[in-house]
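Dear colleague,

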Amino acid sequence: MSQFKEVYVVFYAVRDFEGAKKFYGETLGWPVFLASDEMGWVEYGVHGSTHLAITRAQGDTGTNGGGTAVLSVDDAAATHAWLKSRGVKVDELMEIPGMVKLGSFYDPEGNQIQFSQSLF
């Protein structure tokens, strides 16, 4: 049985955060599910569906048009341990209090995949 439940969100890093918010929210008319200008994150969608999100590009982070899939899990710490036990390259867990606990791992080609445990 897999540690992962489903694809929760796919996100894109954007350089023009305000312009991207206008495009997805106003031009496309997508409903905002979760937003934090402070964190540079806006997630579009409805409860129970896969979401599309944008995040403010940081520093030299490229925006090559590719997205990052985020998989939902029940227990981020257990998933982190499970991935490590299978020899998968995995970063340390991060937590945004009251929102999410998440981690990143990488496929053999170096593509980043994240997993998240909702804390709300």
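Predicted model: local features only at pLDDT ≥ 70, side-chain atom pairs only at ≥ 80, totals over all residues.

Residues are numbered from 1 along each chain as its sequence is written, and side-chain values use heavy atoms, with hydrogens and water left out.

Eight strands form an open sheet with mixed pairing, in the order β2-β3-β4-β1-β5-β8-β7-β6. (Strands are DSSP runs of E, at least two residues, and helices are runs of H or I, at least four residues, numbered from the N terminus; two strands pair if DSSP finds at least two bridges between them.) β2 (32-36) and β6 (94-96) are the edge strands, each with a single partner, so one side of each has no neighbour in the sheet. β2 runs antiparallel to β3 (residues 41-44), joined to it by four bridges, and Ser36 stands opposite Trp41 in β3.

In helix α2, Ala76, Thr79, His80 and Leu83 are buried, meaning under 20% relative accessible area with a 1.4 Å probe, protein chains only. These residues lie on the same side of α2, because they cover an arc of only 105° around the axis, taken from the directions from the helix axis to the C-beta atoms. Their cover includes β7 and β8, where contact means heavy atoms within 4.5 Å. After α2 comes Gly87, with a positive phi near 80°.

Yours sincerely

Key
Buried < 20%, exposed > 50% of the residue type's maximum accessible area, 1.4 Å probe, protein only.
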